[in-house]
Amino acid sequence: MNGVKVTNLSENELEEICREIGDSFYDYDYGRKKDRTIEYGFRKILGSRESMYQHMKACFLAGYESGCIYSTSDRGEGYIFITYKGQELSFRSTIRMIGAVIKNLGGIRKGLQYVKRIAKGGATYEEELKKKKIPYVNLIMLVVRKEYQGQGYMRQLLEMLYEIADEKNLAVVLDTDAESKVEKYEHLGLKLVKTRDLGEGVYLYDLYRPAAKK
């Protein structure tokens, strides 16, 4: 497989990467959907740049600690955070991530409101795969660092993911928060299978790629 599993980053490197990931999500130009309605993405839920950073940091660190982060090379042009049966978040990392997310949202009460907001959109396509007992790899995060954007690294990251999925005969599932992001994923081999409306201009889009073998 081209690419490397990300290990042995310093605290400063982790901080820099997580800050850049947070900024990339917060600064994303969501604009309008094809039906001309305004779309806000997760920025609407998290509110501030700092909250976006803390949220992404909690997620990235959980993946890093559990050995679930891969990059295109040792330079770290871009990253994918993936899980599948046999490569999952550790219990300790999961608990730490949940605690950090709840703290960032402002406590348990607001954390429950966040969960209800997500649930408002209905079941995820991942949940449907679990019910059907279809094995899959879940792409939790994909990000290309700012200085490397527009150079084909998103394609490289997805090709890494597809290679892992095909080797293990797994489907691929992911969600994203912008219609314009959906178009990029569709161009690179995924199919939109579900749109979840969380209200107030926030949507989640579930995308899917079936296993290579049936």
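Student: Which residues does M141 touch, not counting residues up to four places away in sequence?

Tutor: First, this is a predicted model, in which local features need pLDDT of at least 70 and side-chain atom pairs count only at pLDDT 80 or more, while totals for chains, interfaces and linings use all residues. Residues are numbered from 1 along each chain as its sequence is written, and side-chain values use heavy atoms, with hydrogens and water left out. With neighbours up to four places away set aside, M141 touches I21, M56, C59, F60, Y79, I80 and F81, where contact means heavy atoms within 4.5 Å.

Student: And which members of the largest nonpolar core touch the most other members?

Tutor: Of its 30 residues, those are I21, F42, F60, I69, Y79 and M141. A nonpolar core here is a set of buried Ala, Val, Leu, Ile, Met, Phe, Trp, Tyr and Cys residues joined through side-chain atoms within 4.5 Å, and buried means under 20% relative accessible area, exposed over 50%, and partly exposed in between, with a 1.4 Å probe and protein chains only.

Student: Which element gives the largest share of this core?

Tutor: Helix 3 does, with eight residues; helices (H or I, at least four residues) and strands (E, at least two) are DSSP runs, numbered from the N terminus. There is also a second, separate core of 28 residues, which includes V137, Y148, M160 and L207.

Student: Switching to strands, how many bridges join strand 4 to strand 5?

Tutor: Four bridges join these two strands, which run parallel, and two strands pair if DSSP finds at least two bridges between them. Within strand 5, V173 stands opposite N138, and five of the six residues of strand 5 (171-176) are buried.

Student: What about G31, where is that found?

Tutor: G31 lies in the loop between helix 1 and helix 2, and it is partly exposed, with a relative accessible area of 33%. Leaving aside neighbours within four places in sequence, G31 is in contact with T37, I38 and E39.
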